[in-house]
Amino acid sequence: MRKSLTLLIMVVLLSLILGGLFINNLGVNKNTGNGVGCTRTEPYPIPEEFKRSVSLIIQRQGQNQHQQIKDYSQLVDKYINCLNIQYYTDGTELENADGYFKFDRNSSVNNLQIFVSPKYTTKDDLLTALLLQHEISHAIYQAQGLAQNNAESCFIDEARAFSSQAALLGSFNEEERNSLVARSRTSKNVASFFAMMMPFSVNPKQDRTKNAFDEANTIMVVKGIPEYVNQCSNRYN
Ligand SMILES: [Zn+2]
């Protein structure tokens, strides 16, 4: 990424997140209730860094001024004992992914399996929390029975996952945001993550009246990203 572009992203991003984000749809489903199905009373033995990141997700969003983001924080908390988050081992079919949510015959609402790249052992809790937020959103979408076997549902699922990441980014405190912005100047990966988040972020100064960035717009953004066209359209054709 060229320097001028990186700088532009930083300026826009800083004004977005300092203004405070709000996200219209976080996948909180009122009809199916909160934490439906998760009956485990003990957490899975997951690495300490994942425990810290999940608790950061819950705490920061719980402190967000927007009720919808607070509600989402509670929803994650309801599923906390059912999140089975582990590093994947090298050589698996999805080894290029930073993380993925896997729902197969071994899965259930009580066993929501999330796999994270071993390269995250050296990342800090902020970046790990942002990654986990995306995958946890997929897990909750499945657990709440919202996932359907078609391309449209796949696009909606991704749109919600990205919106939830933007909401977490906007829930971090000033020190944490400054730390991420500083890192984006030296890390190409962090800079491109922020570049990717921009279309999913809302500048409240633009439209405070109607939560301008609704689900339909978010889905349109996902439908414009070739990786997701590949993942969602091609899989169900
Ligand atoms: Zn995803």
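**Figure 1. Helices α4 and α5 pack at an angle of about 140°.** Their axes lie 8 Å apart in this predicted model. The crossing of the two helices is right-handed.

**Figure 2. Residues at the contact of α4 with α5.** From α4 come Ala129, Leu130, Gln133, His134, Ser137, His138 and Tyr141. Facing them, α5 supplies Asp157, Arg160, Ala161, Ser164, Gln165, Leu168 and Leu169. By type, six of the contact residues are nonpolar, six are polar and two are charged.

**Figure 3. The largest nonpolar core has 46 residues.** Tyr79, Leu83, Leu112, Ile114, Leu132 and Ala139 have the most contacts inside this core. Elements giving two or more residues are the helices α2 (48-62), α3 (67-78), α4 (125-143), α5 (151-171) and α7 (188-197), along with the strands β1 (83-87) and β3 (112-116). Helix α4 gives the most, with 10 residues.

**Figure 4. Surroundings of Leu132.** Neighbours within four places in sequence are left aside here. Leu132 is then in contact with Phe50, Ser53, Val54, Ile57, Ile85 and Ile114. Of these partners, Ile114 is itself among the core residues with the most contacts.

**Figure 5. The protein chain has nine helices and three strands.** Along the sequence, they follow the pattern α-α-α-β-β-β-α-α-α-α-α-α. Buried residues make up 35% of the 237 in the chain. Among contacts with a separation of 6 or more, 81% join residues 24 or more positions apart.

Note on methods:
Residues are numbered from 1 along each chain as its sequence is written. This is a predicted model: local features need pLDDT of at least 70, side-chain atom pairs count only at pLDDT 80 or more; totals for chains, interfaces and linings use all residues. A nonpolar core is a set of buried Ala, Val, Leu, Ile, Met, Phe, Trp, Tyr and Cys residues joined through C-beta atoms within 7 Å. A residue is buried if 20 or more other C-beta atoms lie within 10 Å of its own, exposed if 12 or fewer, and partly exposed in between; C-beta atoms are placed from the backbone. Helices (H or I, at least four residues) and strands (E, at least two) are DSSP runs, numbered from the N terminus. Two residues are in contact if their C-beta atoms, placed from the backbone, lie within 7 Å. Axes are lines fitted to C-alpha atoms, for helices over the stretch in contact, and angles run from 0 to 180 degrees between N-to-C directions. A crossing is left-handed if the near helix is turned anticlockwise from the far one by less than a right angle, and right-handed if clockwise. Ala, Val, Leu, Ile, Met, Phe, Trp, Tyr, Cys and Pro count as nonpolar, Asp, Glu, Lys and Arg as charged, and the others, Gly among them, as polar.
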